[in-house]
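Hello,

Here is the structure I promised to pass on to you. Please have a look, and then read on for what turned up.

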Amino acid sequence: MVNITINGKTLEVAEGTTVLRAAQAAGIEIPTLCDHPHLTPYGGCRLCLVEVEGARTLQPSCTLPVSNNMVVQTETKKVLDARQFVLTLIFSERNHFCPFCQVTGGDCELQNAAYHEEMTHWPLQPNYQPYPMDASHPYIILENNRCILCRRCVRACGELIGNFTLGFEERGAKSILVADTGVPLGQSTCISCGSCVQVCPTGALIDRWSAYRGKVTQVDKTKTICIGCSLGCGIDVLTRNNSLVRIEGDWDAVMNEGVICEVGRFTPMSEKCDRIVTPLIRRNGLLKAATWDEALSTISSQIKSSPKSIAAVVSTRQPVETMYRFKQLFSEKLGSEMVTSTEEGLFTKYTSSFAELLKHSFEGTLEDLKSADSVLVINEDLSHDHQVAGFFIKRALSSETKLLVIDQHENSLSKHANKVIKSTKGSNEDVLKALSAAVAKLGLTKKTAAIPPSELQSLTAKTGLLTDDYLDAAFVIASSEKPVIVYKDGVEIEALKAFADLINARLICLKGSANSLAASQLGLDGSLNLDQKKVLFVANGDDELSQKTIKELEKVPFKAVVASHASALTSMADVVLPSTEWLEQEGHYISSDGTLFSAKRSITPAEDILSPFEVVGKLAEKLGVQLIDDWAKKVHVRISPVELVK
Amino acid sequence: MAKPKVASDWLAGCSGCHMSLLDMDERIAAVIDLVELRSTPITDFKHPDKTGVDVGILEGGINNTANEEVAKMMRARSKILVAFGDCAVFGGVPAMRNFFTIEESLRRAYIETESTDESGKIPNDPELCVPTKVRALQDVVNVDVFVPGCPPEADTIFYVLSELGQGRIPELKGNTLHWQ
């Protein structure tokens, strides 16, 4: 610890702390533009200059580490004059005219900084040099004329996402923000996570959808979680007049720390489907508007007339409250043996059964992944679902974390990997056994090897690869202290667990949709079998089902569907009940690593639209069935593959 | 003490700042009580008194030689010169033209406009003023008070005029400076 005095206030802070962070911790405000709490200090804007006793010139506080007995002043005339001068230089460099910028009036950190310094004008006039503007991206507009060269976007793209798409071309006043080697952003390696837009302090990077739709002072903010996949990323949902303006990553969320992906940020914005706004009943072949009472009566009379042949399917995007009500009604009260989720256990089945076999949880968490020093990704491609887990891996690669990819198919992580095992024949089990033998041969095992190194040759031959491939791969994954294995349910789990134990690795299965694990914990993971079924009830909400599933469901003579949007599923239904979509309902989700999250409602649905939770409740009422909402106990009945955190 | 004399004029702007001045509503009467209003672009008297005024207010940037003349005359005849609104303070919307050459802007305005037929031509009468790069007022003459905003809000204008009317120099900060 070292002592530092800022504006006469003496503080004790850890060595290596910057003056800026020390001041912030003591509640002393120093204006900054290029600094961002989640990015490494850069020292680019010079707005945070402070006076340090004994120093020849003013010092940038964001990059200056504290030293013992340092005396700092942040509000002297010299400092205030320097701030105004710095802002004048920034304003005069490019087109920083506020009246026609999207972020003006509260969202622009540059404008706010000028207000903070009470600047009424800037003494230097701009040189009116036009810079290129790039609107080639489907979501993002890159406007170099608004750029202040703070490089927050470049740092976010590299440090937080590990994508390294953004960079700068040219030098000094000519510097321009470019994607890759200067290609249009829309044709670049950009993966549309939008982190650059979220960190941009000015209007240089804006998102098309939310531009001009509401400033920070005009929107409501709801902290909730994304239900695009099972990770449970924290998000801020910005709404105005009960309509969605923008989704941002929540910087305070422990797991994702502000980072979200395209699925979380932009996909909800670009969806354009017709909403179901009223109950519909098929009459003379056509779906016609009906009342809730008519619709529920139709369903309940169908259920009563065929009590032994009911099938029920609930979406894994629904909160655990809904799933449990659903299971209680159809499985426990109505006695149907065909009650499952839309996922049918596809991403959890083997993992969950294995935990039951072991009689204890065995998986690691995303925190293990964040601190891993080597990662094996097997049969899991993180380019669409669970992208944020992919970011954790990619961003760690620059700090010497090693990556091994095992996949028989093309994998988007392969190009970042230190070694790729793409077997041409044999099973994953063969690959894992060969890898185990290779680890034993290198003497890197953490416990007694079950497969002797002498078998390496024969095991390798089974997979159509060379022994050197396995020795390289074994070195990548086993020569580290904290290896983590990310796999997809379906990989031969026993062989995988044996290999993990051999090298003392944590296993992580990312599972499927938002409430994949909760569905599995409630036993909603059976395969669909609709033979002899006469009545089908699908609590789909805002989920999208595969063509294959829809085709399968079509077989049942009477179909009732709870859905938010018109789709192939609703068009074949006999009764359609209007459902809320995710932002309009609330409830709990159990993420892939067992954390219980509470999703909040940010948009109020139209009057006639109910959540699937309410719909199941109303149907139970109609059928004269009493439901008890004690899901919190029930999810603990089955042994979970990962420890459930409350 | 005699009431301070105030004159105003508009240059390369949209006259929106003067419209925002009218948004002061009944407070205009209070300001009129404080000052003696001389020339303005919306009253009959068009030039500031040769004998000088206390406060000269200019809206708009300088985008041609005529604007330059008006600005210089106002400066010469005013004790205190106010740059009124974003165009006068920074160059504002008209300054977007500076990202192009003057020839390009004239061609766009007089020939390439969608409503112009093939007879469109750039005016070149020697009696006309000459277009220049758009500049903030302070680039041409010394400015004493800066009132930014596009347009400045009526509350801000009232504050500025009532301070000047009572012989004080307004200091814009906090809410009077913030423009939404």
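Let me begin with the sheet. Two strands count as paired if DSSP finds at least two bridges between them. Strand 1 (residues 2-6) of chain A runs antiparallel to strand 2 of chain A, and five bridges join them. Ile4(A), for instance, has Leu11(A) in strand 2 of chain A as its bridge partner.

A word on the source: this is a predicted model, where local features need pLDDT of at least 70 and side-chain atom pairs count only at pLDDT 80 or more, while totals for chains, interfaces and linings use all residues. Residues are numbered from 1 along each chain as its sequence is written, chains are lettered from A and ligands numbered from 1 in the order written, and side-chain values use heavy atoms, without hydrogens and water.

Now to a helix pair (helices are DSSP runs of H or I, at least four residues). Helix 9 (residues 320-333) and helix 20 (residues 612-622) of chain A pack at about 25°, their axes 9 Å apart; axes are lines fitted to C-alpha atoms over the stretch in contact, and angles run from 0 to 180 degrees between N-to-C directions. That makes helix 9 of chain A roughly parallel (under 35 degrees) to helix 20 of chain A.

Best wishes

How values were computed:
Helix = DSSP H or I, 4+ residues; strand = E, 2+ residues; numbered from the N terminus. Parallel < 35°, antiparallel > 145°, perpendicular 65-115°, else oblique.
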